[in-house]
Amino acid sequence: MKALKISFEEAKTPYNSEFVEKILEGDKDIIAGRTKKITPDDVWK
C-alpha cells in the first residue's frame, strides 16, 4: 500500500493486550491438557 501511495490505517484491536495474552495462554493450556472438567452437579454444590 505504501509503495502505491495509498493511505491506510493499521487495524486496532478493542482488546487489552494483557487480556489477549491470557486468552492465548489458556488456549495453550487446553492443548497441553492442563484442564479440569467440572460437571453441572459440581457447580451447584
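Student: Hi! How many helices and strands does the protein have?

Tutor: Hello! This predicted model has two helices and zero strands. Helix H1 covers residues 17-32, and helix H2 covers 40-43.

Student: And what box do the C-alpha atoms fill?

Tutor: Taken along the principal axes, that box is roughly 60 × 25 × 15 Å.

Student: What share of the residues counts as buried?

Tutor: Of the 45 residues, 0% count as buried. The protein exposes about 5,100 Å², and carbon and sulfur atoms supply 57% of that area.

Student: Which residues form a nonpolar patch on the surface?

Tutor: That patch is made of Tyr15, Phe19, Val20, Ile23 and Leu24. Together they have about 460 Å² of accessible area.

Student: Let's pick Val20. Where does Val20 lie, and what is its relative accessible area?

Tutor: Val20 lies in helix H1. Its relative accessible area is 31%, so Val20 is partly exposed. Patch members need over 30%, and Val20 has 31%.

Student: Switching to charges: how many positive and negative side chains are there?

Tutor: There are 9 positive and 9 negative side chains. The centres of the two sets lie 3 Å apart.

Student: How many salt bridges does the structure hold?

Tutor: It holds one salt bridge. Asp29 pairs with Arg34 there, and the closest N and O atoms are 2.7 Å apart.

Student: Are those two buried or exposed? Start with Asp29, then Arg34.

Tutor: Asp29 is partly exposed, because its relative accessibility is 23%. Arg34, with a relative accessible area of 56%, is exposed.

Student: Where is Lys5 placed, and is Lys5 buried or exposed?

Tutor: Lys5 sits in the segment before H1. Its relative accessibility is 76%, so Lys5 counts as exposed.

Student: Last one: where is Thr39 found?

Tutor: You'll find Thr39 in the loop between H1 and H2. Thr39 is partly exposed, with a relative accessible area of 33%.

Student: By how many Å are the C-alpha atoms of Thr39 and Lys2 separated?

Tutor: They are separated by 53 Å. Along the chain, Thr39 and Lys2 are 37 residues apart.

Conventions:
Residues numbered from 1 in each chain as written. Predicted model: local features only at pLDDT ≥ 70, side-chain atom pairs only at ≥ 80, totals over all residues. Heavy atoms only, no water. Helix = DSSP H or I, 4+ residues; strand = E, 2+ residues; numbered from the N terminus. Buried < 20%, exposed > 50% of the residue type's maximum accessible area, 1.4 Å probe, protein only. Areas by Shrake-Rupley, 256 points an atom, 1.4 Å probe, with all protein chains shown as cover. Lys, Arg positive; Asp, Glu negative; His and termini not counted. Charge placed at Lys NZ, Arg CZ, Asp CG, Glu CD. Patch = residues over 30% accessible without salt bridge, like charges linked within 9 Å, V, L, I, M, F, W, Y side chains within 5 Å. Salt bridge = Lys/Arg side-chain N within 4 Å of Asp/Glu carboxyl O.
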